[in-house]
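Subject: Structure for you to look at

Hello,

Here is the structure I promised you. Please open it and keep it on screen while you read my notes on its salt bridges.

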Amino acid sequence: MKKANQTLGEFIIENQKSFKYTSGELSRLINSIRLAAKVVNHEVNKAGLVDITGNAGETNVQGEDQQKLDVYANERFIQTLINREIVCGIASEENDDYITIQGQNEAHDNKYVVLMDPLDGSSNIDVNVSVGTIFSIYRRKSPVGQPVEIDDFLQPGNQQVAAGYIIYGTSTMLVYTTGHGVNGFTLNPAIGTYYLSHPNMQFPKEGNIYSINEGNYVHFPQGVKDYIKYCQAEVESDNRPYTSRYIGSLVSDFHRNMIKGGIYMYPKTAKAPQGKLRLLYECNPMAFIAEQAGGKASDGYQRILDIQPTKLHERVPFFCGTQSMVNKAEEFMANYKND
Ligand code: P6P
């Protein structure tokens with residue numbers, strides 16, 4: 001039951017009984033993410049004031065320039081998760097390999113692994129456009145002790161026990177699911193408390209916003225080109241042409257589309273022949289949230305959550321949002337399935 005003005009802490013406690021077979025670790029894990037998000041939010045919000053938005057002079061495993069805030073956010077989330085002794089391992093976009101955390105004693109089997117993109121859309125930091133953190137939580141499959149990559153980190157997205165994002169925008173929100181719907185909490189920065197502001201978030205049944213970087217048009221698969229032309233066609237009875245909105249920050253585009261209705265697409269391109277977005281810590285968590293909010297997420301052909309990962313940082317094409325819009329995009333993609 002959702003009460004207006006309920007705090008995130010009260011919500012977690014009240015809904016803890018819906019977390020299958022856990023004695024509170026998952027609640028504590030989500031609470032630790034809540035804490036780290038507050039600390040990162042504080043730095044993101046003053047990014048322009050201190051020398052923390054410039055490049056850290058390093059590049060991450062993706063070969064992308066690491067912004068100082070990327071590095072800062074990554075370290076904050078990792079440290080908070082380690083301190084809470086709840087997870088046995090962490091994988092991050094910013095780290096080549098996963099991090100293992102050994103409990104103080106064998107009895108403490110640290111039931112969970114967390115995979116995250118600590119600061120998605122970081123190229124927007126210097127131009128003051130909203131960015132986000134994305135996280136994905138699984139129960140470990142391997143027995144106690146060191147986690148095992150294949151068993152614990154390379155699980156298909158349909159095994160997630162929780163997923164969420166923090167959007168550092170005009171206001172800071174934490175949106176997450178544990179498989180029982182999607183709820184959004186807005187941070188009151190004056191007192192550092194998140195309040196339930198968006199209970200039971202659902203994609204509108206129809207949408208008319210499409211989000212894609214049309215600068216890559218010439219390299220898109222023909223099915224995507226055909227779908228874009230469909231979105232742009234003048235068909236008044238079908239509320240077309242749609243509106244094009246693309247922020248360049250997955251969390252922001254996804255969040256707007258979940259509230260207003262729409263589809264986000266990052267297909268394969270010449271520069272990104274497998275697509276740009278990472279399956280484990282971008283597509284899977286956003287797909288889990290999308291489906292819990294009545295939406296859909298695919299790679300253009302198959303359900304994202306059913307893809308069996310093979311590598312920690314693997315990329316997939318990503319179509320996600322209002323179910324009817326993803327279905328329509330897939331119809332166009334199906335015309336060229338054997339190309
Ligand atoms: P492009 C940010 O780097 C990101 O991973 C997503 O947040 C965003 O939607 C996409 O890449 C933007 O990529 O190639 O359009 O600049």
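A salt bridge is a side-chain nitrogen of Lys or Arg within 4 Å of a carboxyl oxygen of Asp or Glu. Keep in mind that this is a predicted model. By that rule, the count is eight salt bridges. Here are some of them.

Start with Glu331 and Lys328. Their side chains form a salt bridge, with 3.1 Å from N to O. The two residues are three apart in helix α8, so about one helical turn separates them. Glu331 is partly exposed, at 45% relative accessible area. Lys328 is partly exposed too, at 22%.

Salt bridges with shared partners also join Glu93, Arg278 and Glu282 into one network. Within it, the side chains of Arg278 and Glu282 meet at 3.3 Å, N to O. Are these two residues buried or exposed? Arg278 is buried, with a relative accessible area of 2%. Glu282 is buried as well, at 1%.

Now look at Glu330 and Lys296. Their side chains meet in a salt bridge of 2.8 Å, N to O. This pair links distant parts of the chain. Glu330 sits in helix α8, residues 323-334, and Lys296 sits in strand β14, residues 296-298. They are 34 residues apart. Glu330 has 16% relative accessibility; buried means under 20%, so Glu330 counts as buried. Lys296 is partly exposed, at 24%.

Find each pair on your screen as you go.

Best wishes

Definitions and conventions:
Residues are numbered from 1 along each chain as its sequence is written. This is a predicted model: local features need pLDDT of at least 70, side-chain atom pairs count only at pLDDT 80 or more; totals for chains, interfaces and linings use all residues. Side-chain values use heavy atoms; hydrogens and water are left out. Buried means under 20% relative accessible area, exposed over 50%, partly exposed in between (1.4 Å probe, protein chains only). Helices (H or I, at least four residues) and strands (E, at least two) are DSSP runs, numbered from the N terminus.
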